[in-house]
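Please look through the sequence and the model before reading on.

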Amino acid sequence: MISNQLGGLGKDTWVLASEPERQETLIVTSDANAPAVVPAVVQESEVSSRVADNLFWIGRYAERAEGLVRLLRIVIIQITERTSLSADVDGDCCLHLLLAALTNQSQTFPGFIGDGAPELLAQPVPEVLSLISDQKRSGALPQTLQALGQAAWSVRERLSNDTWRVTNDIERRQRLLTQAPPRGLGRALDLLDPLITSLVAFSALTHENMTHNEGWHFLEAGRRLERGLHTASLLRSTLVSVSPDPGESILIEAVLGVTDSLITYRRRYQAGTRVGAMLDLVLQDEANPRSLAYQIARLSALVDEMPGTSLSTRRTPAQRTLMRVLTELRLAELDLMAQPSEEGLRRTALDGLLASVETSISALSDAITAQYFRHEEQPHHLIGQRLAAEALREMRPADATAGISR
């Protein structure tokens, strides 16, 4: 109500003491007359469950927003190319699968796969623009960016000034999307390109500027978990259904573009675009930071280092889940995964593997939440939770869909 913009004034008042301030300390020393000795190293306090929860979801929201922007950019490019060139059946099939992936990724059902999907597939531009600029729509890009900002604000004292500058830049670009919604795909693409740069900068700063302590482990685990879900959902939405040969090549290039693996693919594989080669890079290559296997391997290492894990004599539910999923991915036969079923319409083996991975990752999110994010009236630390870990082993597996959204 009172601000400088409305004519208000603010003044500082200084009250001078009548005598110099006395230096007092509560540190006990051997000599009462000797000056207080300040210890050279002070033990850093552990992260509370609320801070860990917010850091975990910062990682998830940042990765969710980045994955959604990457997919939106590829979809816009495909729609623009279809409009500028003569439409064909192969191009339409590729675009329809990408649009279905967009609905699955954003969880904005029914979208392009539910009731009214044929009409939206015929005229996809309004729905795509809605996902970019509608701040009232759950799962759309503005709400994801807003949730990222709220989670970051909750742990603002743990983020550096440079990270906050990037966070403010993301918030400013969110306002551009909502306050002046783009009316065309060209303008939307102009807004998404710098946004992805800010999101990548945010990811880099949280990785390089934060101490890799317990709090960072939860942030990184959230990021890897969300990227794993995104990659599994993308592959399942686009590659399980068998497309005609020319359209499938276009689809493979689009998926490689979303996963930022196109340059590596072209350098490594010289025999053109093939499903098996793409699965080798995006599904099973643990050296590719965008692959599904890489996310699971990193999650396994992060979970092993989480508080209280080393105190347990047995593996926790999260550790067992990750061990099972990583083994499934490592033992998966790519020739079998790329081979269509007898009907020639679906890759049933690939569908089963990706469905199992999605379910396991969601259950992993539930297991981490149940073990570490217990919010009580008083903040508690994450160390010494052996009893909670023991109780968690007796719990039944949680619903697979519970870990998708906060």
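How many disulfides does the structure hold? In this predicted model, the number of disulfides is 0. The cysteines Cys93 and Cys94 show why. A disulfide requires two cysteine sulfur atoms within 2.5 Å. The sulfur of Cys93 has its closest cysteine sulfur in Cys94, at 7.5 Å, and is therefore too far away for a bond. For Cys94, the closest cysteine sulfur is in turn that of Cys93, so the 7.5 Å between them again rules out a bond.

**Overall build**

The protein chain contains 16 helices and 0 strands. It has 406 residues, of which 49% count as buried. Among contacts between residues at least 6 apart in sequence, 71% join residues at least 24 apart.

**The nonpolar core**

The largest nonpolar core comprises 104 residues, and the members that touch the most others are Val128, Leu141, Met278 and Leu279. Helix H1, which covers residues 49-84, gives the most to this core, contributing 17 residues. Which residues does Met278 contact, leaving aside its neighbours within four places in sequence? The contacts of Met278 are Leu235, Leu239, Ile252, Val255, Leu256, Tyr265 and Leu283.

**Two helices that pass each other**

Leu141, named above as a member of the core, also takes part in the meeting of helices H5 and H7. The axes of H5 (residues 141-154) and H7 (residues 185-208) come within 14 Å and cross at roughly 30 degrees. Angles under 35 degrees count as roughly parallel, so H5 is described as roughly parallel to H7. The crossing of H5 past H7 is left-handed. On the H5 side, Leu141, Leu145 and Leu148 meet Leu192, Leu195, Leu199 and Phe202 of H7.

**A buried aspartate in a loop**

Asp285 lies in the loop between helix H11 (275-284) and helix H12 (292-304). Is Asp285 buried or exposed? Its relative accessible area is 14%, and residues under 20% count as buried, so Asp285 is buried. When residues up to four places away in sequence are not counted, Asp285 touches Arg268, Asp280, Ser291 and Tyr294.

Conventions
Residues are numbered from 1 along each chain as its sequence is written. This is a predicted model: local features need pLDDT of at least 70, side-chain atom pairs count only at pLDDT 80 or more; totals for chains, interfaces and linings use all residues. Side-chain values use heavy atoms; hydrogens and water are left out. A nonpolar core is a set of buried Ala, Val, Leu, Ile, Met, Phe, Trp, Tyr and Cys residues joined through side-chain atoms within 4.5 Å. Buried means under 20% relative accessible area, exposed over 50%, partly exposed in between (1.4 Å probe, protein chains only). Helices (H or I, at least four residues) and strands (E, at least two) are DSSP runs, numbered from the N terminus. Contact means heavy atoms within 4.5 Å. Axes are lines fitted to C-alpha atoms, for helices over the stretch in contact, and angles run from 0 to 180 degrees between N-to-C directions. Angles under 35 degrees count as roughly parallel, over 145 as roughly antiparallel, 65 to 115 as roughly perpendicular and the rest as oblique. A crossing is left-handed if the near helix is turned anticlockwise from the far one by less than a right angle, and right-handed if clockwise.
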